[in-house]
Amino acid sequence: MASVADPSTALHGDALDAYLDHVETIFDSDDDEAQPLEWPARQTAASERLGQQAMQPDDLDQLRRIYRLWSMSGQPARALAAVQQHQERLLGDLSHTAQRDAAVTMGMMQADAAEDIRELPREQYHSVVRHAMQAVDQWGAQGDPDRAWGFLARHAQQAQAFDLQEQIFRKQHQYKSQQAERASYRAWDDAVLATRLGAIEAAKGNPTSARDFGHYAFAKLQQPGAGQDIDTNDWLRLADDIISLAPDTVASYSEWTLASLPADASPGTRRDTLAQLARLHAHSLYRQGQLDAAIAKGLEGRFALVQDSDDAMSASLIEWLVQAGRLPEAAHMAFESALHSRGTSREAGCRQALAHLGESAGAPYWALTLMAASCEAELTEFLPEGMEPEQAFAHYGAIVQQQTPNHPLWRLLQGNHLFEADRHAEALPLLEALSELPQYANGELTYRLFIARARSMGLQAALKTPYIRTDAGSWNYAMGVRMDDDWPLKEALNIAGDALPSDWPYDELLRWTKHYYEAGQARFEHWFATGQGSYKDGDIHDYSMLCNNLAIKYRYNDENYDAALALHAKGIATSPFAEHYNGILSTYIDTNNYPQIIAAGEQLWHYSRENGYSRHSPSDYFPKVAYALYQQSRNVENSIWLERLDEWWNALDDDDQRESRHDYLSSLLNQLDYYSDTHGAEVLPRLQALLPELRERKNAYLLRRAGDAMQTSGTRQEAMQIYQDAQRFSADSHPDERKRLEDSIAELAPKLGKGTGSSAADSSKPWWKFW
């Protein structure tokens with residue numbers, strides 16, 4: 001075996017694994033007492049250790065480890081060299097099929113390493129990408145070629161290798177065109193290829209050719225051919241690519257996209273689509289030099305849409321407003337972005353605030369922007385040199401006071417700062433500035449003002465104060481959720497004890513909760529109808545969740561079932577999720593609407609299977625559906641629901657089955673009871689097979705339901721025995737359950753020919769009682 005002490009001997013096998021384990025400890029060690037090194041120091045130590053010993057990996061797994069450790073050490077050139085040094089030897093030891101997989105893996109590893117080598121000659125990077133392309137090409141239909149070509153396309157773009165990009169895109173397209181399951185996506189794939197080739201032409205400085213590719217892609221979506229699947233989402237996904245290549249298509253493209261919406265598209269879905277198209281139109285106008293028109297169109301699309309991960313539209317608008325010399329508008333938007341901690345736009349706003357801090361145009365909003373951002377951990381780059389966040393907050397606050405003394409937004413920021421320091425009494429009068437500023441009253445600030453009121457005057461008194469107006473759908477929704485959650489509210493108010501106080505104001509809290517949900521619904525629906533509103537009126541999934549929460553209040557608290565159903569229908573039409581279907585089913589259960597219980601149960605079952613539902617609990621509603629089928633003389637269909645129950649049960653893992661066994665048995669016994677009314681012969685064998693487990697569980701409820709099913713199946717004597725077993729275990733049962741058990745026995749006893757007593761000594765109680 002090679003010795004670690006001898007650098008001239010290449011390590012392999014177990015010795016190499018042990019050596020690499022030792023290097024990995026440099027990165028993994030977190031021993032506080034040992035004062036672990038910072039990451040750059042760890043990289044240096046690991047690099048020195050790796051360089052001390054020659055290594056000869058036995059297989060691809062060992063090579064991967066060497067590659068990974070060199071990469072972690074900040075030595076991509078050494079990682080690349082390691083793969084190139086050993087690949088031929090390692091590939092020669094493998095079967096043909098294994099060679100193809102390993103060659104692709106090594107090619108990808110080299111491409112990743114080459115990308116990170118700053119001094120690597122461009123042609124060498126190209127060569128690495130070509131080598132990986134050859135490996136993928138020889139790979140054929142093995143593995144995941146689509147993902148591999150996409151991976152290499154990124155590297156070809158990074159290497160600015162236009163010829164390689166084109167080859168890769170065409171090979172990826174060729175692969176897709178050979179997949180039978182993509183037959184209905186041929187037009188889409190053709191359009192995607194055209195946009196990619198157009199982008200290459202644009203990068204090469206060929207605008208006419210680029211525009212032609214854009215028009216070709218547009219035409220593919222317009223006339224996809226028979227059997228092709230092109231929907232609104234497809235139009236939206238390719239919109240930016242096509243319009244950037246062919247700006248002259250923007251108006252027509254928007255019309256075609258809107259025309260692709262289903263005739264029954266909800267108002268929220270239509271407005272969301274219009275907002276996305278407005279953004280695309282704005283960027284197209286900007287690229288054409290029409291700045292004011294771009295700003296106007298951008299404002300139409302400046303809403304938080306459900307698919308957004310940031311506030312990029314606002315970031316663009318801030319820059320455009322500055323370019324247009326409209327500094328007051330830019331400053332207001334910058335402050336709003338910083339106050340509400342909005343992704344990309346707050347960084348754009350802070351950059352402009354630093355650049356224009358001393359100017360009167362936009363004052364005091366530039367200073368307010370930096371004041372709001374100063375305590376954000378992600379924005380430390382915008383702090384004055386040498387200042388800590390607290391100092392910067394005071395520094396920018398002083399500038400605001402110089403420019404506009406006692407500005408309401410300065411008071412709001414000061415109050416929020418005091419609130420975060422738990423100085424609620426001092427914060428309250430300052431936070432009350434929010435009452436004048438509903439356009440800035442986000443869900444968190446609104447809740448903080450309410451908490452400050454409640455901490456200062458008591459919860460009961462705070463609930464008698466005026467509602468705090470907040471001018472956005474999502475903010476109202478957020479406030480409703482906060483007011484609807486008792487335990488965090490109790491904690492925020494620092495109320496001691498493990499239980500809610502006996503005088504907890506449930507009704508008043510419900511009034512506030514419903515107010516915010518209803519106000520939020522109105523805000524959202526106003527935006528749907530008009531396109532006018534605030535930034536946080538645009539999230540249609542928030543709207544759908546609000547509809548669900550408000551529907552629950554209408555159903556559970558108000559027994560307003562029609563209103564609840566209408567809200568669930570709106571939510572499903574706008575942004576569907578399983579809780580709506582669950583709410584519809586619950587509404588029909590509450591109203592004993594048996595035909596609709598069956599239909600709603602079907603919807604919930606199928607939607608959950610197709611789309612997922614983490615809280616899906618078939619055992620909760622299957623018995624209700626089974627009873628509805630029984631009531632509607634459709635009992636034969638219960639066999640389907642019994643199969644579905646077993647399907648759900650068998651899909652659970654062992655832990656979930658152990659946790660859910662009682663619920664499963666409860667549902668099963670209820671379903672068997674109803675089914676046994678017409679199919680007793682089918683039920684009886686399954687019921688008898690369950691009895692040993694039920695008796696072992698000693699659960700009175702489960703045994704009673706088994707007795708009910710046994711009686712309905714026609715075996716009365718055995719049913720009585722099961723009821724008697726249930727009685728022995730019913731001492732801890734709820735009185736209602738004991739009463740139901742007694743009634744079941746009393747009803748069955750005469751059918752068995754039994755009397756109610758056998759002697760004077762016990763004539764005061766029925767023969768079947770044991771206590």
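In the predicted model, P364 lies in the loop that joins α17 (343-356) to α18 (365-373). Most peptide bonds are trans, and most residues other than glycine have a negative phi.

Two non-glycine residues with positive phi were also found in loops between helices. Q160 has a phi near 55 degrees and sits in the loop between α7 (145-158) and α8 (162-177). E559 has a positive phi of about 55 degrees, although E559 is not a glycine; its place is the loop between α27 (540-557) and α28 (561-574). With a relative accessible area of 48%, Q160 is partly exposed. E559 has a relative accessibility of 57% and therefore counts as exposed, the cut-off for that class being over 50%.

The count of salt bridges in the model comes to 54. Among them is the pair E329 and R326, in which the closest N and O atoms are 2.9 Å apart. Both partners fall in the partly exposed class: E329 has a relative accessibility of 38%, and R326 has a relative accessible area of 24%.

A salt bridge also joins the side chains of D471 and R469, with an N to O distance of 2.7 Å. Here the partners belong to opposite classes of accessibility. D471, at 13% relative accessible area, is buried, because this class covers values under 20%. R469, by contrast, has a relative accessible area of 53% and is exposed.

In the salt bridge between E747 and K751, the closest N and O atoms are 3.8 Å apart, a separation that still qualifies because the criterion is a distance within 4 Å. K751 is partly exposed, its relative accessible area being 40%.

Salt bridges in the model also form a network. D673, R704, R705, D708, E737 and R740 are linked in this way.

Key
Residues are numbered from 1 along each chain as its sequence is written. This is a predicted model: local features need pLDDT of at least 70, side-chain atom pairs count only at pLDDT 80 or more; totals for chains, interfaces and linings use all residues. Side-chain values use heavy atoms; hydrogens and water are left out. Buried means under 20% relative accessible area, exposed over 50%, partly exposed in between (1.4 Å probe, protein chains only). Helices (H or I, at least four residues) and strands (E, at least two) are DSSP runs, numbered from the N terminus.
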